[in-house]
Amino acid sequence: MEFVEVREGLARILIPKANRIYDAPVFYNPVMRFNRDISTLAVRILGVKSVVDALSATGVRGIRYALETQVEEVWLNDINEDAFRLIVENVKRNIEIEPELTGRVAKFQGAKRITVTNDDANRVMANNFRHFEFVDLDPFGSPMEFLDTALRSVRRRGVLAITATDTGVLCGAYKHACRRKYLAEPIRRELCHEAGLRILIGAVVKYAAKYDLGVDVLLAYYRDHYFRAFLRLKSGAKKADDTLKRLGYVWQEKNGRFEYNDDFLPRRPGAHGPLWLGPLKNQAFVETLLSAVESVPLGDPRKTPKFLRTLAEELDVPFHYDTHALARRNNFQVGKLTGVIKELRDRGHRATRTHFSPTALKTDAPFEDVLDALRDLR
Ligand code: SAH
């Protein structure tokens with residue numbers, strides 16, 4: 001294998017040389033710098049002391065947690081042997097300590113305890129029952145095959161951070177796969193990304209409930225063809241009951257009007273879900289991320305602060321209106337997004353842009369007012 005060195009945040013990482021990232025024997029995706037920036041910042045402001053990066057590839061994520069935050073214990077793991085060797089090499093380069101190597105386990109005993117293993121992620125997490133304050137699942141594809149063990153490995157008031165890159169599945173391009181993986185009915189067209197994110201969170205909520213765990217969403221977003229959610233667990237049957245009540249279904253009509261019920265009632269025909277209908281962010285958490293972002297090392301200094309600002313300003317209500325889709329569905333001409341938002345605000349409603357789409361808005365206005373605002377603008 002030939003390698004090149006990349007820098008990301010405070011880390012210097014060897015990655016395999018390859019023409020396309022998916023051809024590389026060990027996976028490194030520069031687009032995900034943004035995901036790792038937010039995650040590292042989250043670990044930092046949450047004051048987390050122990051983390052597992054269960055699907056580590058080059059180790060970049062866990063190494064950044066070790067270098068850029070206060071964590072005292074980091075566990076990195078990958079089932080691939082090349083990845084394991086590369087992670088060990090990369091940890092060495094960054095902390096300049098020799099590991100104690102026994103078979104497929106490398107232990108670094110420095111200022112921080114760093115463990116690297118070459119094992120199945122589920123076995124690693126199962127062997128560390130209720131141990132980690134922060135469990136990070138960042139696979140390619142669906143995280144579902146790791147979800148149950150992740151919920152057993154995380155502390156009862158810990159944080160589960162979860163990535164899903166199977167957007168085609170969650171967005172309804174492969175309906176049967178969505179039923180199999182997430183036991184949910186996806187929705188196509190303009191709501192598919194937000195609904196996909198909400199289906200993912202809904203699946204976690206259901207899995208967590210059987211352990212008498214409730215879920216608070218610290219932050220969940222869609223970007224660059226993946227979903228990411230930071231979920232704070234809450235211990236207790238009542239907490240789980242209350243969280244389950246936020247699951248429900250959504251319906252959409254031909255003209256673009258949508259409706260949802262957030263009491264987990266049995267479905268009626270044409271319903272999509274079950275999905276999470278609670279908040280997608282904790283405003284205080286997002287604002288803390290935003291206020292810290294200027295003073296920390298970033299892998300993607302161009303994108304990360306800007307996107308956090310969009311998230312902080314976004315109105316947090318279920319679903320959104322895409323101006324292009326609405327115009328098409330109702331034979332209007334497309335009005336300028338900022339114009340529609342202003343029009344809605346002038347009528348006394350709340351309305352903002354949304355990170356889900358550059359042509360969409362979130363509002364608490366009734367559907368008719370959104371249509372009027374679009375129509376009047378022409
Ligand atoms: N989190 C990494 C990217 C991970 S890519 C980052 O931020 O850069 C997904 C990795 O999961 C691959 O390296 C693959 O080898 C590993 N993997 C797949 N199945 C696994 C399993 N069952 N247990 C452990 N690792 C696994």
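Which domains does the domain assignment of the protein chain give? I find domain 1 (27-310) and domain 2 (320-376), with bounds that come from an automatic or database domain assignment.

Before going further I note that this is a predicted model, in which local features need pLDDT of at least 70 and side-chain atom pairs count only at pLDDT 80 or more, while totals for chains, interfaces and linings use all residues. Residues are numbered from 1 along each chain as its sequence is written, and side-chain values use heavy atoms, with hydrogens and water left out.

**Overall form.** I count 14 helices and 17 strands in the protein chain, taking helices (H or I, at least four residues) and strands (E, at least two) as DSSP runs numbered from the N terminus. The radius of gyration of the protein chain is 22 Å, close to the 21 Å that the globule rule gives for 378 residues, so the chain is as compact as a globular protein of that length; the radius is taken over C-alpha atoms, and the rule is 2.2 Å times the number of residues to the power 0.38. The C-alpha trace spans about 70 × 40 × 35 Å along its principal axes.

**Domain interface.** The centres of domain 1 and domain 2, taken over C-alpha atoms, are 31 Å apart. I find 20 residues of domain 1 in contact (heavy atoms within 4.5 Å) with twelve residues of domain 2. The two domains bury about 1300 Å² between them, 55% of it on carbon and sulfur atoms, where buried area is the accessible area (1.4 Å probe) that two parts lose on being put together, summed over both. Glu190, Glu194 and Asn255 supply 38% of the area that domain 1 buries against domain 2, more than any other three residues.

Across this interface I find three salt bridges, each defined as a side-chain nitrogen of Lys or Arg within 4 Å of a carboxyl oxygen of Asp or Glu. Arg329 forms a salt bridge with Glu190, with the closest N and O atoms 2.9 Å apart. Helix H8 (192-209), strand S10 (213-223) and helix H11 (304-313) each supply at least two residues of the side of domain 1 that touches domain 2, and H8 gives the most, with four residues.

**Salt bridges elsewhere.** A search of the whole structure gives 37 salt bridges. Arg93 and Glu5 meet in a salt bridge at 2.8 Å, N to O; Arg93 lies in helix H3 (residues 81-95) and Glu5 in strand S1 (residues 3-8), so the pair ties together parts that are 88 residues apart in sequence.

**Backbone.** Most residues other than glycine have a negative phi, and most peptide bonds are trans. I note a cis peptide bond joining Gly273 and Pro274, with omega about 5°, and Pro274 is found in strand S14 (residues 272-276). Ala57, although not a glycine, has a positive phi of about 55°, and Ala57 lies in the loop between strand S3 (50-53) and helix H2 (60-68).
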